[in-house]
Amino acid sequence: MSNKHIFGSAEGVVLASLRGAVAQNPALRLHAPTKTVYVAHASTTTQVAVISGGGAGHEPAHAGYVGHGMLMSMVSGDIFASPSAKQILVAIEFAAFAGLENAEGVKGRDVVIVINNYTGDRLNFGLAIEQARARYPGLRITTVLNADDVSLLPQTRGGEEVNLVGPRGLGGNIFVCKVLGGYTTFGANGGESTIGFMDNL
């Protein structure tokens, strides 16, 4: 069996990649219309959900980070394009409410959103967060901005320092997702409650 694929067109490639990621893990589900991968049966005791996402083209990217002790959900845009605010809002809803639908008086989990330092990501995640806060007033959402990429530090041209693009944050994203996902799943000391976690971010 070949382990390489050549595609004649980018059409459908992102969804094919996400379907492949979900097929490898029976605990995950794909909401194809919004390109959102999420944990299907999240623990009802999990108090804080971590999500992330961004453009496609560097797979497995965030789809490979969804699971127990990692992300509760992720959302993908098209190749090298940020997901829309509408897509991100759905990912927030899956993270906040997955597995809690039948709970009485459900208020949802707190949500931590890890955002990479791309203009489209910052804009669309910001819009989605505003919409989520308006729709679910009791939902606490906080963000962590990744901006660590040393290859894009300001450069000197003609004796002057110029910042052409700025750090993107991709290098540190997986570490941030893993640390936050592990902490929110297992607690600071092997299972302690994560109450107060959001206040300390």
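I began with Asp 110 and noted that, in this predicted model, Asp 110 is buried because its relative accessible area is 8%, which falls under the 20% cut-off. I then looked for its partner and found a salt bridge with Arg 140, the closest N and O atoms being 3.1 Å apart. The pair links distant parts of the chain, as Asp 110 sits in strand β5 and Arg 140 in the loop between α3 and β6, 30 residues apart. Arg 140 itself is partly exposed, with a relative accessible area of 35%.

Next I went through the other salt bridges, having noted that the structure holds 3. Lys 35 and Asp 78 meet through their side chains at 3.3 Å, N to O; Lys 35 lies in the loop between β1 and β2 and Asp 78 in strand β4, so this pair ties together parts 43 residues apart in sequence. I recorded Lys 35 as buried at 17% and Asp 78 as partly exposed at 44% relative accessibility. Glu 93 and Arg 135 form a salt bridge at 3.1 Å, N to O, and since Glu 93 belongs to helix α2 and Arg 135 to helix α3, the pair ties together parts 42 residues apart in sequence.

I then turned to the sheet, where 6 strands form an open, mixed arrangement in the order β1-β2-β4-β3-β5-β6, with β1 and β6 as the edge strands. Strand β5 runs parallel to β6 and is joined to β6 by 6 bridges, and I found Ile 113 standing opposite Thr 143 in β6. Helix α4 lies across β3, β5 and β6, running at about 170 degrees to β5.

Methods
Residues numbered from 1 in each chain as written. Predicted model: local features only at pLDDT ≥ 70, side-chain atom pairs only at ≥ 80, totals over all residues. Heavy atoms only, no water. Pairing = 2+ DSSP bridges. Helix = DSSP H or I, 4+ residues; strand = E, 2+ residues; numbered from the N terminus. Contact = heavy atoms within 4.5 Å. Axes fitted to C-alpha atoms, helices over the stretch in contact; angles between N-to-C directions. Salt bridge = Lys/Arg side-chain N within 4 Å of Asp/Glu carboxyl O. Buried < 20%, exposed > 50% of the residue type's maximum accessible area, 1.4 Å probe, protein only.
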